[in-house]
Amino acid sequence: METDTAFRLLADENFNGRILRGLLRRLPDLDVVRAQDLTELSGSSDPVLLEWAARDGRIVLSHDVETLAGYAYARLEAGQAMPGLFELRPEVPIGIAIEALEEVIALTRPEEWNGLVAFLPL
């Protein structure tokens, strides 16, 4: 599948690195950063992570289905920007997670996810 380089992603610290590496093998031009690689985000709280993602126009990748979505909804209720959140339950097999993300990237545009929390696979 062809990469839509307009997708800009931020993987939070708990996101499975094997999923990310597999996704990047399939979509090597994908613009994705990891929170732990950025000094200002390493060890940061969920609200700080979401604020940074909004400022940089990045959809967040996470396995944190317990708290991150709640903060994302709170941002929306407060009228704050939230480019999107892709939540993947940790028990989703790696191959299925990679395929789900690859399909979303190939078949949609980033702006379609603005203000949405999506639990993948759909």
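**A helix and its surroundings**

A: Helix 4 has 14 residues, and from its first C-alpha to its last it reaches 20 Å, close to the 20 Å expected at 1.5 Å a residue. The model under discussion is predicted.

The burial of the helix may be considered next. Ala-97, Ile-98, Ala-100, Leu-101, Glu-102, Val-104 and Ile-105 are buried in helix 4. An α-helix has 3.6 residues a turn, so residues three or four places apart point the same way. The buried residues of helix 4 pack against strand 1, helix 1, strand 3, strand 4 and strand 5.

In soluble globular proteins, nonpolar side chains tend to be buried together. The largest nonpolar core of this model has 24 residues, and those with the most contacts inside it are Phe-7, Leu-9, Phe-15, Leu-61, Phe-86, Leu-101 and Leu-120. At least two residues of this core are supplied by each of strand 1 (8-11), helix 1 (17-26), strand 3 (59-62), strand 4 (85-88), helix 4 (94-107) and strand 5. Helix 4 gives the largest share of this core, six residues. Apart from this core lies another, of 15 residues, including Leu-10, Ala-53, Ala-72 and Met-82.

Strand 1 and strand 3 run parallel and are joined by three bridges; Ala-11 stands opposite Leu-61 of strand 3. Strand 3 also pairs with strand 4, in the parallel sense and over three bridges, and the bridge partner of Leu-61 in strand 4 is Phe-86. Both faces of strand 3 are covered: Ile-59 and Leu-61 are buried on one side, and Val-60 and Ser-62 are buried on the other.

Ala-100, Leu-101 and Val-104 are among the buried residues of helix 4. A cis peptide bond, with omega about 0 degrees, joins Leu-120 to Pro-121. Most peptide bonds are trans. Pro-121 itself lies in the segment after strand 5 (117-120).

Methods. Residues are numbered from 1 along each chain as its sequence is written. This is a predicted model: local features need pLDDT of at least 70, side-chain atom pairs count only at pLDDT 80 or more; totals for chains, interfaces and linings use all residues. Side-chain values use heavy atoms; hydrogens and water are left out. Helices (H or I, at least four residues) and strands (E, at least two) are DSSP runs, numbered from the N terminus. A nonpolar core is a set of buried Ala, Val, Leu, Ile, Met, Phe, Trp, Tyr and Cys residues joined through side-chain atoms within 4.5 Å. Buried means under 20% relative accessible area, exposed over 50%, partly exposed in between (1.4 Å probe, protein chains only). The expected span of a helix is 1.5 Å times one less than its number of residues. Contact means heavy atoms within 4.5 Å. Two strands pair if DSSP finds at least two bridges between them.
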